[in-house]
Amino acid sequence: MTTTVIRGGRLLDATSRSAPLTDLLVTGGVITSLGAPGMAAPAEAEVFDASGTLMHAGLVNGHTHGSTNLSKATHDRWTLELLLSGSGEWAANQTRHHKYLNTYIGAVEMLQKGCTTAYDLTFGFPLATVDDLYAIGQAYVDAGMRAVVAPMLQDVSFYKAIPGLYDALPASHKAQVDASGGDTGAILRSMEEALKHWPHDPAQVKLGIAPTIPLHCSDELTLGCVKLATEYGAQTQSHVAESKVQAVAALKRWGKSLTAHFDELGMLGPNFTVAHGVWLDDDDMRRLAAKGASVSHNAGSNMRLGAGIADSRRMLELGVNLALGTDGALCADNQNMYEAMRYASMVSNVRTPDYERWLSAPEVFTAATQGGARATGFEKAGRIAVGCLADIVFLDLHSINWIPMNDPVNQVVLTEDATGVRDVMVGGKLVVRGGRHADCDMAKLARDAQVARDEVAEANAEGKHLAQALERAVGSFCMGLCREPFHLHRYGGPLGL
Ligand SMILES: [Zn+2]
């Protein structure tokens, strides 16, 4: 068992807004002791020189899609619904190699940007096979990162999930649209097989279950997910009330909110995370809090897709566990949790001039670490304390972001942009050194990614053409739903403009 003593670094204490010089002892990937500079350590301990750095717990990305890193920045102005309608352009026709590469690119980016754990909602069935999922998990193993890999499951097609949408499509293209949904039994059997034979160490990479969007799941599928999650102790996550279109469509489909619907089917629990939750009301938040559930607040994605501004203060007030996420590269364009923290801070401010209701920097940092640790079920991540995992980021205090150092937690949340990341440890193992992934040949990765990107684009040329042909119909139908009266307003401007 390797023992390392980390000497000379400053340890961020977000609560007291300080960063005292602190030595750490790491044994077998776990923090076993914290002490003043010069703390005693076993003679055989390797010494890691952290002088000139600020140490903080590895950031936890509460919501991303490793399946979309080959597609970063492919689109300019688009909404969630246009993204979903265009899945034939970006999600289809990927080989196992493409899926692995997609995931690996994101893992390397997250690690280089100070994030040590991710909740990855990846390809579901039938887009992925069980063996594809194992390969996706292997990408995180190879990158040296922790992850929950949760396949996105659905048996209702996007076009049938939103009442009236399929009928509004142009007749000339209806035949080309896949409105078939999926085979519920086959999806659940594949999910169970993957859970039963998951080949990776769940202390590093584990399998979760993601009924992707409540509207895209039949009751039978949702109930099947609840049963499997209980049987296998799996984390669950779903995009709930991300857009107003979803919130309005739920009332039309079920006469109740998405959260109330999932609550009645038994989905809510301490292992459940809502992604986005922009259009949650007080009743929804109370239901989540009562069941010990989490929300991954993805402020950057919500702005990028025009989904609205989530009320993160109200979530905290009502007792919901708050995590932060970037979302996938399709609608985040990068995987930068420092940016996610800065956005979470800023968007809470634009909701109200009442500055006492804004998220404080310690609240934001806690959400991006401990909140994410709870949402992912890696309870021993997200903190630098005795008994916790040695997932540690070392920021270079000679980086321009830290010249000079003022309030360290404000500076981590509001100034740091990941260019100050010097080293990153996961479970005591150094995976990033000098700002670069220790094992990744970046030139080779760039070449492989460019080839893969071209192959996927070529295979999906028809899908892209169809998405473009449907854009006007889908866009205008969904805009109609956005203009409907609803008891919440989460946009930055008035309706109809
Ligand atoms: Zn998402």
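Me: How much area do domain 1 and domain 2 bury between them?

Reply: The size of an interface is often given as the accessible area lost when the parts come together. In this predicted model, domain 1 and domain 2 bury about 1900 Å² between them, 66% of it on carbon and sulfur atoms, where buried area is the accessible area (1.4 Å probe) that two parts lose on being put together, summed over both. Val413, Leu414 and His437 supply 30% of the area that domain 1 buries against domain 2, more than any other three residues.

Me: Where do the bounds of domain 1 and domain 2 lie?

Reply: Domain bounds come from an automatic or database domain assignment, which here gives domain 1 as 3–56 + 386–437 and domain 2 as 59–376. Residues are numbered from 1 along each chain as its sequence is written. Because this is a predicted model, local features need pLDDT of at least 70 and side-chain atom pairs count only at pLDDT 80 or more, while totals for chains, interfaces and linings use all residues, and side-chain values use heavy atoms, with hydrogens and water left out.

Me: Which residues form the salt bridge?

Reply: A salt bridge is a side-chain nitrogen of Lys or Arg within 4 Å of a carboxyl oxygen of Asp or Glu. One is counted between domain 1 and domain 2, and the side chains of Asp391 and Arg146 meet in a salt bridge at 2.7 Å, N to O.

Me: Turning to helix 10, why is it described as largely enclosed by the rest of the structure?

Reply: Burial is read from relative accessible area (buried is under 20%, exposed over 50%, partly exposed in between, with a 1.4 Å probe and protein chains only), and helices are DSSP runs of H or I with at least four residues, strands being runs of E with at least two, numbered from the N terminus. Helix 10 covers residues 244–254, and eight of its 11 residues are buried, so it is largely enclosed. Its buried residues pack against helix 1 (80–85), strand 12 (236–240), helix 11 (258–264) and helix 20 (461–482), contact meaning heavy atoms within 4.5 Å.

Me: Is Gln246 buried or exposed?

Reply: Gln246, found in helix 10, is buried, with a relative accessible area of 3%. Leaving aside neighbours within four places in sequence, its contacts include Leu80, Glu81 and His239, and the side chain of Gln246 reaches the backbone nitrogen of Glu242 at 2.9 Å.

Methods:
Polar contact = N/O pair within 3.5 Å; in protein donor to acceptor, adjacent residues only side chain to side chain.
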